[in-house]
Amino acid sequence: MNWNSWSEFFHMGGYAFYVWGSFAVTAILVAGEILLLRSRWQKALELALNTVKYGKVNNDENET
Amino acid sequence: MINRFNKYKYSSPATFYGFAGRLIPWFYGAAALFCMAGLYIGLFLAPTDFQQSEAYRIIFIHVPASWMSMFIYVVMAFWAALGLAFNTRMSFMMASALAPTGAMLTFVALWTGALWGKPTWGAWWVWDARLTSELILFFLYLGFMALQAAIDDPRRADRAGALIALVGVVNVPIIYFSVRWWNTLHQGASVSMTKSPSMASIMLLGMLVMALAAWMYTIAAALSRARCIILERERNSQWVAQMLEAEA
């Protein structure tokens, strides 16, 4: 273990802004992508459910 | 040879959809575990660097993100090529599913690079070969996504996007070898096949575990996005109707 205290850990030898700036922005972007994916998923599912309920359903499934 | 392998089975969106749905939680779980282990090694076990003090710890984000930014582009170009060659819908959908995650990780590589450059080189940004080619990679991802979004017909959007992906892939070896071909401020490769590692093995371990976390996360995110794209595009097809009715 390199750190004698939590405050020393957060201080990062004076590089706190650079180190935590890197880690925090990465964490925010990853969390943001997961949230965006979830909302896109919910919209897609809703759209598909509505299409099945009200829209046309055609049978040309098998062209790959 | 290729005919014996039933490519239609696995390249069919209906099969892929169910298969991906079962895999996604495992990849997210693995990503979380590797990330926790990697951060513990990187932030608590790895010693202070004798030259850069604690600033070097940015490496645990920067290098995995940079590797993935290049690798995802190559995989995207591979799917694009497969789509153009065999005209498989699923290949194009995979290429589109990878792009936003690739763009995000390219941004992370550039961002953490800037935050690392300032304390070690004294500059947030320099127009050096490595940095400039990585910036071009970021614009290639954005260009791919913008082009696909701008074309209404998904088939034409797929083909136009695939062209950008294929042309842009020449940039990836340029990024990778830029530190050798040109005299740059950026340091050389952190890990090389031919030389013994230039860093302490615990630092290397932390970096590799974080790279695994980035891999697992990328797979999970790309599969999730591919499932969204399938549902958006195939919502008129019989199998989607059957599946949704079976689930309801």
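1. Phi of B:S53 is positive, about 55 degrees, although B:S53 is not a glycine. B:S53 is found in the loop between α2 (13–45) and α3 (59–86) of chain B; helices here are DSSP runs (H or I, at least four residues), strands likewise (E, at least two), numbered from the N terminus.

2. Some bookkeeping. This is a predicted model, where local features need pLDDT of at least 70 and side-chain atom pairs count only at pLDDT 80 or more, while totals for chains, interfaces and linings use all residues. Residues are numbered from 1 along each chain as its sequence is written, with chains lettered from A and ligands numbered from 1 in the order in which they are written.

3. Chain A has its own positive phi: A:M12, near 50 degrees and not a glycine either. A:M12 lies in the loop between α1 (6–11) and α2 (16–54) of chain A. A:M12 is buried, because 20 C-beta neighbours fall inside 10 Å. For background, most residues other than glycine have a negative phi.

4. Chain A has two helices and zero strands. Of its 64 residues, 11% count as buried.

5. On to the interface. Chain B puts 39 residues in contact with 32 residues of chain A (contact means C-beta atoms, placed from the backbone, within 7 Å). On the chain B side, the elements giving two or more residues are α1 (7–11), α4 (89–121), α8 (201–233) and α9 (238–247). The largest share of that side, ten residues, comes from α4(B). By class, the chain B side has 20 nonpolar, eleven polar and eight charged residues (Ala, Val, Leu, Ile, Met, Phe, Trp, Tyr, Cys and Pro are nonpolar; Asp, Glu, Lys and Arg charged; the others, Gly among them, polar).

6. Within chain B, α4(B) and α8(B) have axes that come within 8 Å and cross at roughly 130 degrees, which makes α4(B) oblique to α8(B). Among the residues in this contact are B:M93, B:A97 and B:P100 of α4(B), with B:A222, B:A226 and B:I229 of α8(B). Its classes are ten nonpolar, three polar and one charged.

7. Last, the largest nonpolar core: 75 residues, of which B:I58, B:M76, B:A95, B:A213 and B:A226 touch the most other members (a core is a set of buried Ala, Val, Leu, Ile, Met, Phe, Trp, Tyr and Cys residues joined through C-beta atoms within 7 Å). α8(B) gives the most to this core, with 19 residues. Leaving aside neighbours within four places in sequence, B:A95 is in contact with B:M76, B:W79, B:A80, B:G83, B:G161, B:A162 and B:A165.

How values were computed. Two residues are in contact if their C-beta atoms, placed from the backbone, lie within 7 Å. A residue is buried if 20 or more other C-beta atoms lie within 10 Å of its own, exposed if 12 or fewer, and partly exposed in between; C-beta atoms are placed from the backbone. Axes are lines fitted to C-alpha atoms, for helices over the stretch in contact, and angles run from 0 to 180 degrees between N-to-C directions. Angles under 35 degrees count as roughly parallel, over 145 as roughly antiparallel, 65 to 115 as roughly perpendicular and the rest as oblique.
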